[in-house]
Every structure is written in C-alpha cells, then in structure tokens.
Amino acid sequence: MRPALSLFLIFLVLLASCTQPRKQLTLAVVAGVEGEALKQAAADYEAQTGVHIEIAQFPYSNLFEKELIDLKARSRAYDLIMLDDPWFQRFAHEKVLTDLTPLLQRLGQSGPDPDFVATSIALCRDPYQTGSLYALPYVGNSQLFFYRKDLFEKYELKPPATWDDVLTAAKTIHEKENTGAGGEKMYGYVMRAAQGNAAVADFMPIFWAFGGEMFDASGKPTVNSPEGIAALQFMIDLGKLSPPGYASFNADDVGAHLLQGTAAMSINWPAWISSFSDQSKSKVIGKMEFTTLPGAQKSGQAEIGNWLIAIPRDSTNAQAAAEFLVWATSAAQMKRSAQRGNPPTRKSLFQDAELVAKNPAYPAQLRSLESSRPRPRTPYWNEIENAFGIFLSKANSGELTPADAMNQANAEIEKILQRAQ
Amino acid sequence: MPKSRRFFNARNKRELLLPALFLAPAMAVLLALSIYPLIYSITISLQQQTAADVSWGLGNFTRLLSDNFFLTALVHTFVYAVVALTCEFLLGLGLALLLNEQIRGRGIFRASLLIPMMLPTVVVGVVWRLMLNSNFGAINGTLKEFGLNTESLTWTASPKLAMLSVIAVDVWQWTPFVFLVLLAGLQAIPQEPYEAALIDGSSRWQTFRHVTLPLLKPSILIVLLLRTMDLLRVFDQIFILTEGGPGFATETISLYIYRTAFRFFDFGYAAAMSFVLLALTNVISAVYIRLIQSEPN
C-alpha cells in the first residue's frame, strides 16, 4: 500500500508540474474600480497570450502593508504590484522595485512612451522626475474643483478662479440659498478635515496657492511659515460655510452633501464625476461643473493621485511582467480602462473624441493633471501626513489656533525627519 | 533524594515517551505561534531602524517618554476604560438586580438585552456611525423632530463630544455582558442568607449591602477583570466610528500601535508600545486576581 501511495503522490506532483502553464504572473491589485480594470485586462491578456495571471486583491487600507511586507521579506509573492503614488517613495527608498529601463529596452523601447502625461511619469522616477524609472502610471487622478453651475448663474457669480472668488461665492450662496434640494440647509462649501489623508488632501491646494511649502530647499519643514498659517486660517474661514462636523468628514460625507444638493462647492477626485449623472443617487443632475483648482498668490495646483504599476525587485518573471505592464498601459488597453471609469495617464486618451464625448470633464482633467503637484516626495510621507492631518483637523475643530496647529505640526514633522536620519 | 534520578530511569523513560509524544504537537504549535513571535517581537522592539542601518538598544522605549502622541493616547485609553467600565458596571448591576426579580416579561427583557452583545463590533460601529452623523443621522433627526437645535451636536466630529460618543457606543454594546455575568452570579446565591436577613429584620438596603454584594463579589471582580482587559485594548469600534479623530481626540493606544506598525512601518516602535500596554494590563489584572483570590471561600 505504502509504495503505491508514494508512487501515486509522485505521479500527482509530476502531473501538476506538467499542466502548469509555461509562464505565470502574480498581480497585486486594489479592490475597487482601479483594480477591477486591471483584473479585466489580465483576463484579456491571458486569453490572448496564454500567460496565466494570478490575481491577489486587497482593500485599499491593507494593500500598502501587504505589498511592503512581502517585498521586504523577499517572499516573491508578486510579479506586479499596484501602488498609490504617495507610497512610491517608500518602496523606492527600500530598494524593492525593479528598474524598468533595461526591461523596456529589451522590448525595443528606449524609455516610457512620451504620450504619458509628464506629471504622471515624473511620479514613477526616483528621485522625482529625474531618476530611474521604477513604475508606469495606470490611473491618472488629480483633484478637480466641483461647483454648482446653476447657482453660480443664478447669483451671477464668476466661475471660481481664485480662493477669494470661492469664499465670496460660498458666502453669497450660504446666505441666499437657505434650503438645499431636499429641504435641508444649504451650505456654501463642503470640505473634509478628518485627520490623516482627508484633511491634508483638502488643504494642500490651498496651502500651495497661498505660497506655502512643506519643506525648504534644505529639506527642513516650513509648514508654520506665515503663508502656511494664512492658508490654514483661510481653510477655517471656508469651513464656517461648510456643514458642521466637517472636521471628521471623509470623501463619502463630501460626496453625500454634493449629491444631496446641500453644498455648492468642493475639491474632489474625478471618480465622483459619474455619480452626479446617476439618477438613483443624484439630486443635482446636470448642475455640476468641474474645473481646475483656484489660485491665490500662486496659480492653482491640484494634488496628483495616480495609481502606478511596478515590478518587485525579486520577481522571477520580471521580463514577462514587463511585457504585460507595457501591454496594459498601452493606449488601446488604457482606453478600455478609461471606458470602465478610470482617468487615463495618456494625453492622446484625454483628447480621444469617443472618450471626451462620454466624459465632458476630460479637458479640465487634463489641464488639472498637467499642472498638478505631487505630495512631498519623502519615504516617511505616511507618518508626516498623519501628524500634519491631526493638527489640521484639530485647528478645524476649534481645538487649536492656526498658528499653534502649524507650529506643533512643524515640530512633529521635524521629529519624524530627525528620527529617520 | 534520588527522586529526580528515579524519574529518568529506564522504565520511566518509556512511560514518559508516550505523554511526550502526545504533547509534542501542542508544544510545536505553541512554539511556532506564541513563543517564537513573542521572542521575535522582543528583539524587534530593541531595534531601531535608521536611514543607514539598524541599531540595538532601548531607544524605542525612551522615545515613548517624549512622544506626545503616545502619552495622549495613553491618557485617552485610561479615560475610555475608566468611564466605560463605571457606566457598564452600574448599569449592568442595576439591570441584573431588576431582572432577577419576578417581573412580567422578564424573559423577553433578558433576551432582548443580549442583542447588542451578539452583534459584531464592526457592524455596531458602522450602525452608530450612521446614527451619529450630524447631518443625516437618526439621532440628530429625532432631536430635530422635538424642536431641538442640533447645529452644535456634531457627536463624533466634535472634539468635546467624540470621546463621550465612542464611550456611549461601548456602554451600549457591553453593558449586556456585565448584566449577564452578574445575573448568573445573583442566581447562584442561595436563598438561606436572605431568609436569615429577613428574620433579623434587615432593610432592603442592608440586605443588598451585607448579603447580596459580598456574595456577588467574585462575579463582580471577574466581570470587571474581563472588561478592563477588553477596554484597554479597544480598537475596532473606535477605528470605525472616528478613526481616532477628530484630530487626536479619540486615539487610543491600540489605534496608535496599529498606525505605527502598518502605516508607518515602524514595527520596532509598535512592538515597544505593545509591551508597555501588555505590562499595564498585566499589573491591573494582577490586582484583580489578587482580590479574587483573597476571597474567603
């Protein structure tokens, strides 16, 4: 019996190794529309080429830790990973990604396709913009300014070009428009100031427009500059025209207020655009306009938030992974991703007639993306964003004055950087 | 004296073999899943990651003392634990005494009281998050119906009310547990002492103070011990309700440990904080256990 059993096992092992396809790739993707598009692309690729692609899908909140733990432990679990761009610097700093240039050269390309938007491809290089290429951009998000076109026309307000215009318009709407679409109170503006990512994302465009910089040329934190404090004071002034409790708002709260027609303006991401024309969700169909971010002392700049795809340094199938990566980010494939709702990272697709007809905000999105700024490129961004967000949220909930909040934030950021040295 | 030597003689060896064989899988699992991770976490808590390399020492522990976030989170954890424990205990005891009496519909009350405890904490968190939403939530909606101005009642978004809100949710969910344990304790008390007290003509308060309370003490201590340990490591409902905010108003140690480990990727510092939390929990639990053991039984 025993020899028979072991023979059977050996046979099974042999069978398994024979039936396994020649090439196999494992892909870590985020749950949600961005990852879904890449999953679909992987299925198409498998059908076309026979390369089997295994998918590991994680919710956004777990993806970073899963990927970094696996890559640092060199477990070779993934051949391709999706990265949110603020994480990129950490991965590059840990030296766990593959330099793509030699792989692209072997595929007959001298570098990334010039059709990629410059600000998107700059995110994929370490150091930023100038260094080696470690990823390719897949989803081209950048912030947009959302406002109620109908109300702006009703009160003869000019489209918001500066933050002062925004404040004036918000005050006018706040005073004159007492009730929202559903009979609830109408607010002039809605922002999110929950600690962490939310508060920082809504603050950075104001901070930059007011002339604030997170670091000076030598890398020392300077958030408590007069410009930074003025920007935070402005955010709080604008917050007074925002629904109460905004100091704990996240993207879904902001979305709900805009969809319910109870707030007139906000900074938001392109992913929300399609929901405004969805009859089952929206009370403001046809009333929303999307434009680039307002300016102040400086011209307005959006925060960029792209999804990138990279190849771990320890991938055993780097060349096969690169072939898939180039295929998935090609114009033809990215167009399919765009049709599924993801903003592209290629200029030609933002200008594609078919896509523009379905996505009227594409011209504004391209302008916003091309003029966008990345979050400061540091491997300690998660920690810095957390600390900065806590103090922004505290200032917005009235716990701290803008100056105190910025001074304390500056001290915490300095501590984080010192520890890293 | 040669007891130990006899222990290892040939016959005993054979006799020991079998139990050792049976114990081996359990020991292996224990080693792999408890002992090894414990030793590993001790080693990483003594390591500090710098830009260039790793340095050894107590740096993570000394850093705790100058970390305002950690110290504030520690205070929040204790405020949360003390207030929630007091409310849960008083309410649970009251309910247990009430439902220990012969009142109509006792079964229905007892059963319905247990519902919050049976719900997963994450579900409780999401439900309360929606109910406490200041603009669309059920609580402010109801208050508005009564004509109250809810403009300033932003619950989880207000630095003043956020801590109270998360504590209230914990009290709502875990009072039933305290109630259940104390009710079981009350039902285990024999009738005789009560009859004796009745004969001696003691008042209701005297009976409660001198008969019920002393006999209920073991149950009280056990439920307080279990709740204290749970409250000190609270994570899920706060994570769902406020994620520690607004600002830092409801950040507890567990949340901060989680953030440090999985967001900032500083496992050494997170391990150091976990050991401090473990030590504090152990000290407090030891006090309870000493009290339980000192019970003359």
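**Reading strands and helices**

Reader: Hello! How do strand E7 (residues 144-148) and strand E8 of chain A pair, in the parallel or the antiparallel sense?

Author: Nice place to start. Strands of a sheet pair through backbone hydrogen bonds, either parallel or antiparallel. In this model, which is predicted, E7(A) and E8(A) are antiparallel, joined over 4 bridges. Look for Phe145(A), which stands opposite Ile267(A) of E8(A).

Reader: Which strand order does the sheet have?

Author: The order is E8-E7-E9 in chain A, an open sheet of 3 strands with antiparallel pairing. E8 and E9 (288-291) stand at the edges with a single partner strand each, so one side of each lacks a neighbour in the sheet. On average, neighbouring strands are turned by 25 degrees against each other, direction ignored. E7(A) is joined to E9(A) by 4 bridges, and Arg148(A) has Met288(A) as its bridge partner in E9(A).

Reader: Which residues of E8(A) lie on each of its faces?

Author: In a regular strand the side chains alternate between the two faces of the sheet. For E8 (residues 265-268) of chain A, Met265(A) and Ile267(A) are on one side, with Ser266(A) and Asn268(A) on the other. All four are buried, and both faces are covered.

Reader: Now the helices! At what angle do H4 and H11 of chain B pack?

Author: Two packed helices are described by the angle between their axes and the distance between the axes. H4 (residues 68-100) and H11 (residues 204-232) of chain B pack at about 145 degrees, their axes 9 Å apart. The crossing is right-handed. Residues in the contact include Tyr80(B) and Phe89(B) of H4(B) and Leu224(B) and Arg227(B) of H11(B). By class, the contact has 8 nonpolar, 2 polar and 2 charged residues.

How values were computed
Residues are numbered from 1 along each chain as its sequence is written. Chains are lettered from A and ligands numbered from 1 in the order in which they are written. This is a predicted model: local features need pLDDT of at least 70, side-chain atom pairs count only at pLDDT 80 or more; totals for chains, interfaces and linings use all residues. Axes are lines fitted to C-alpha atoms, for helices over the stretch in contact, and angles run from 0 to 180 degrees between N-to-C directions. Helices (H or I, at least four residues) and strands (E, at least two) are DSSP runs, numbered from the N terminus. A crossing is left-handed if the near helix is turned anticlockwise from the far one by less than a right angle, and right-handed if clockwise. Two residues are in contact if their C-beta atoms, placed from the backbone, lie within 7 Å. Ala, Val, Leu, Ile, Met, Phe, Trp, Tyr, Cys and Pro count as nonpolar, Asp, Glu, Lys and Arg as charged, and the others, Gly among them, as polar. A residue is buried if 20 or more other C-beta atoms lie within 10 Å of its own, exposed if 12 or fewer, and partly exposed in between; C-beta atoms are placed from the backbone. Two strands pair if DSSP finds at least two bridges between them.
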